[in-house]
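Here is a short report for a reader who is new to this structure. Look through the sequence and the model, then read on.

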Amino acid sequence: RLFLIHGDKKDPEIFELFSSLNFIHDLILIMKQKNKDINIQIIKFFSVLMTNLSEKHILYFIFNCDFINQHVFEDNEPIEGDYLYYYISFIKSLILKINVKTISVFYHSQSYTFPLLGNCLKFYNHPDSMISNTIRNVLLFIMKINYPQSIEYICNLPMLTYFIFIAC
């Protein structure tokens, strides 16, 4: 990850190597093995990566890969224990990089789903205040972007029930 962050800041050829080797695909294959300890390391890798990347084309590349949408937000494995805290940290670092142009990657207009928001809202009522506050911030940040499809998604059932609970 340090090489990729260095490449983002000083040497774009490092990112070209990263993308040409299809490194993210290898991480997806590793995550499919469902080893919690390894998956924690992969989530930590992407969390640090999201926090430190600044080049827009690198962020767009990572946002458009299947890792985030399919294997993080649509995975049906229960998220619990230590993995949950790293997962929430990843969500925090990811949401800060989303803008009007990139939010469309996370919204599936064909199926009318928003896996990023839908998966986050599973934890809206978590007993740990850090987790529940992060989820509220994710919802508010998405609303702040003012992407019409996300606003419509939030204002319709079943998402509307979460919004009412969080607002109260």
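Two residues are in contact when they have heavy atoms within 4.5 Å.

## Overall make-up

This is a predicted model. Among contacts in the protein between residues at least 6 apart in sequence, 67% join residues at least 24 apart. Of the 168 residues in the protein, 42% are buried.

The protein has eleven helices and zero strands. Its pattern along the sequence is therefore simple to write, with buried meaning under 20% relative accessible area: α-α-α-α-α-α-α-α-α-α-α.

## Helices α4 and α5

Two packed helices are described by the angle between their axes and the distance between the axes. Take helix α4, which spans residues 36–52, and α5. Their axes come within 10 Å. They cross at roughly 145°. The crossing of α4 and α5 is left-handed. On the α4 side, the contact is made by F46, L49 and M50. On the α5 side, it is made by L59, I62 and F63. By class, this contact of α4 with α5 has six nonpolar residues, no polar residues and no charged residues.

Helix α5 covers residues 56–64. Which residues of α5 are buried? They are I58, L59, I62 and F63. These residues cover an arc of only 135° around the axis, which puts them on the same side of α5.

## Helices α7 and α9

A second pair is formed by helix α7, residues 81–95, and helix α9, residues 129–145. How do their axes cross? They come within 10 Å and cross at roughly 25°. Angles under 35 degrees count as roughly parallel, and α7 and α9 are therefore roughly parallel to each other. Their crossing is left-handed.

Which residues of α7 and α9 meet? From α7 come L84, Y85, I88, I91, K92 and I95. From α9 come M130, I131, T134, I135, V138, F141 and I142. By class, the contact of α7 with α9 has eleven nonpolar residues, one polar residue and one charged residue. Lys counts as charged and Thr as polar; K92 lies on the α7 side and T134 on the α9 side.

## K144 in helix α9

Helix α9 also holds K144. Is K144 buried or exposed? K144 has a relative accessible area of 65%, so it is exposed. The cut-off for exposed is over 50%.

K144 and N99 are 45 residues apart along the chain. Their C-alpha atoms are separated by 9.6 Å.

## Two loop residues with positive phi

Y112 is not a glycine, although its phi is positive, at about 55°. Y112 is found in the loop between α7 and α8, where α8 spans 115–120. With 32% relative accessibility, Y112 counts as partly exposed.

N146 is not a glycine either, and its phi is positive too, at about 65°. Where is N146 placed? N146 is in the loop between α9 and α10, where α10 spans 148–154. At 56% relative accessibility, N146 counts as exposed.

Conventions:
Residues numbered from 1 in each chain as written. Predicted model: local features only at pLDDT ≥ 70, side-chain atom pairs only at ≥ 80, totals over all residues. Heavy atoms only, no water. Axes fitted to C-alpha atoms, helices over the stretch in contact; angles between N-to-C directions. Helix = DSSP H or I, 4+ residues; strand = E, 2+ residues; numbered from the N terminus. Parallel < 35°, antiparallel > 145°, perpendicular 65-115°, else oblique. Left-handed = near helix turned anticlockwise from the far one by under 90°. Buried < 20%, exposed > 50% of the residue type's maximum accessible area, 1.4 Å probe, protein only. Arc of directions from axis to C-beta.
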